[in-house]
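Here is a colleague's note for someone opening this structure for the first time. Please keep the model in view while reading.

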Amino acid sequence: MVCGCNINGFAFPPPKEATVTPWGWWIEHFCADDYSYRSKTLCIECGHQISVQYHKERSELWYIPQENGYYELTLGEEKSILRGKRKIDIPVGFVHSIKNMSSIPLIIYETQYGKRCSESDIVRIHDPYADKR
């Protein structure tokens, strides 16, 4: 069972329209009619991560708004331990992942853009939750 996110000490459950995942949850805010643009909010629970992945048809822009965020970011062959607010550009075809290493859930505002922005465009290289999907 996934707990609700905790922002600034106030817990709240995932919104009822959220898609709950083994690592947390996400919610879609907007998707263009032709699927060329999509915006989402992701909530990654403490100690969890998204799969190591890339996309064939879309790029992504992540914005992490939390000053107290602490996370491991994988971009291509490089892993970095980072803190705080950050904008992260992920080009089409670029391997990426993020792991929440803080004691509070990590929020990411994600913008997708490209030929087709859909969940079917995720190519997972390593998925720690493969047995739970």
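The numbered points below go from the whole protein to single residues.

1. Ground rules. This is a predicted model, in which local features need pLDDT of at least 70, side-chain atom pairs count only at pLDDT 80 or more, and totals for chains, interfaces and linings use all residues. Residues are numbered from 1 along each chain as its sequence is written, and side-chain values use heavy atoms, with hydrogens and water left out.

2. Elements. The protein has 13 strands and 0 helices. Read from the N terminus, the order is β-β-β-β-β-β-β-β-β-β-β-β-β. Both kinds of element are DSSP runs numbered from the N terminus: helices are H or I with at least four residues, strands are E with at least two.

3. Overall size. The C-alpha trace spans about 40 × 35 × 30 Å along its principal axes. The radius of gyration is 14 Å, which agrees with the value near 14 Å for a compact globule of 133 residues. That radius is taken over C-alpha atoms, and the globule rule is 2.2 Å times the number of residues to the power 0.38.

4. Surface and interior. Of the 133 residues, 41% count as buried. Buried means under 20% relative accessible area, exposed means over 50%, and partly exposed lies in between (1.4 Å probe, protein chains only). The accessible surface comes to about 7,400 Å², and carbon and sulfur atoms hold 53% of it. These areas come from the Shrake-Rupley method with a 1.4 Å probe; for residues, only the protein chains shown count as cover.

5. Contacts along the chain. Take the contacts between residues at least 6 apart in sequence: 67% of them join residues at least 24 apart. Contact means heavy atoms within 4.5 Å.

6. Cysteines. How many disulfides does a search of the whole structure find? The search finds 0. A disulfide is counted as a pair of cysteine sulfur atoms within 2.5 Å. The closest cysteine sulfur to that of Cys 117 is in Cys 31, at 6.8 Å, so it is too far for a bond. Cys 117 is buried, at 1% relative accessible area. Cys 46 is partly exposed, at 33%.

7. Ile 98. This residue is in strand 11 (residues 96-100). His 29 is 69 residues away along the chain, and its C-alpha is 21 Å from that of Ile 98.

8. Ile 88. Look in strand 10 (residues 86-90). Ile 88 is buried at 3% relative accessible area. Setting aside neighbours within four places in sequence, its contacts are Glu 60, Leu 61, Trp 62, Ile 64, Leu 73 and Leu 75. Leu 75 is 13 residues from Ile 88 in sequence, with 9.4 Å between their C-alpha atoms.

9. Thr 74. This threonine sits in strand 8 (residues 70-75). Not counting residues up to four places away in sequence, Thr 74 touches Lys 79, Val 95, His 96 and Ser 97.

10. Tyr 35. Check the backbone here. Phi of Tyr 35 is near 60 degrees, a positive value in a residue other than glycine. Tyr 35 lies in the loop between strand 4 (24-31) and strand 5 (37-44). Its relative accessible area is 34%, so it is partly exposed.
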